[in-house]
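Hi everyone, thanks for coming. Today I'd like to walk you through a structure that may be new to you, so please have a look at it with me.

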Amino acid sequence: MKQHQLLGLICLSGFVAVAIGAFGAHGLTSPQAKAWVVTGSSQHMAHTLALFACVWLQTQGYTKARFAVPLFSIGIALFAGSLYALALGAPRLVAMAAPLGGLSLLGGWLLLAWACFSRKDQNDEPD
């Protein structure tokens, strides 16, 4: 996928996070459903920004940052998506996806750290 297309998808992810957060704040009456949407949309937005960081880091020479993109994307879909689905009345079984999404998000951060630690600058002194 071309970088401008990935950035466009990331922008749409941010749009969805804001739209669902607004829906939760104004369109839901159940306190539990609102809590699920607040948690989902805040994690959704935080990791949408992490996706932007991955793309930016790639432009700065941290080429391995690209490996974190799929994990952040899967994590958003599973973690936030399952919370959104629960808020809209999905069966509780859907909640089983949230921990898998959380693990994916954690994995994305580990891969992003690896990308940063493994980059060698030309001006770096040998260890």
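I'll start with the overall layout, then go through the helix contacts, and finish with some aromatic side chains.

Before anything else, please keep in mind that this is a predicted model. So what is the chain built from? It has four helices and zero strands. If you read along the sequence, the pattern is α-α-α-α. The chain has 127 residues, and buried residues make up 33% of them. As for the dimensions, the C-alpha atoms fill a box of roughly 60 × 25 × 20 Å, taken along the principal axes.

Now let's turn to the helix contacts. Please find helix H1, residues 3-27, and helix H2, residues 31-59. How do their axes meet? They come within 9 Å and cross at roughly 165 degrees. An angle over 145 degrees counts as roughly antiparallel, and H1 and H2 are therefore roughly antiparallel to each other. The crossing in which H1 passes H2 is left-handed. And which residues make up this contact? By class, there are 14 nonpolar, nine polar and one charged.

In the contact of H2 with H3 you find 16 nonpolar and nine polar residues, and no charged ones.

Next, the aromatic rings. A pair of aromatic rings is described by the distance of the centres and the angle of the planes. How many aromatic pairs are there here? The count comes to two.

In one of these pairs, phenylalanine 67 and tryptophan 114 have their ring centres 5.9 Å apart and their planes at 40 degrees, so the pair is tilted. Where do these two residues sit? Phenylalanine 67 is in the loop between H2 and helix H3 (68-87), while tryptophan 114 is in helix H4, residues 97-118. They are 47 residues apart, and the pair links distant parts of the chain. Phenylalanine 67 has a relative accessible area of 36%, which makes this residue partly exposed. Tryptophan 114 is also partly exposed, at 39%.

Then we have phenylalanine 72 and tryptophan 109, an edge-to-face pair with 5.1 Å from centre to centre and 70 degrees between the planes. Here phenylalanine 72 belongs to helix H3 and tryptophan 109 to helix H4, 37 residues apart, and this pair too links distant parts of the chain. Are these two residues buried or exposed? Phenylalanine 72 has a relative accessibility of 0%, so this residue counts as buried. Tryptophan 109, in contrast, is partly exposed, with a relative accessible area of 42%.

There is one more ring to point out. Arginine 119 lies over the face of tyrosine 62, at 4.5 Å from the ring centre.

To finish, let's visit a glycine. Where is glycine 61? You will find this residue in the loop between H2 and H3. Glycine 61 is partly exposed, with a relative accessible area of 34%.

How values were computed:
Residues numbered from 1 in each chain as written. Predicted model: local features only at pLDDT ≥ 70, side-chain atom pairs only at ≥ 80, totals over all residues. Heavy atoms only, no water. Axes fitted to C-alpha atoms, helices over the stretch in contact; angles between N-to-C directions. Helix = DSSP H or I, 4+ residues; strand = E, 2+ residues; numbered from the N terminus. Parallel < 35°, antiparallel > 145°, perpendicular 65-115°, else oblique. Left-handed = near helix turned anticlockwise from the far one by under 90°. Nonpolar A, V, L, I, M, F, W, Y, C, P; charged D, E, K, R; others polar. Phe/Tyr/Trp six-rings, centres within 6.5 Å; stacked < 30°, edge-to-face > 60°. Buried < 20%, exposed > 50% of the residue type's maximum accessible area, 1.4 Å probe, protein only. Lys NZ or Arg CZ within 6 Å of the ring centre and 35° of its normal.
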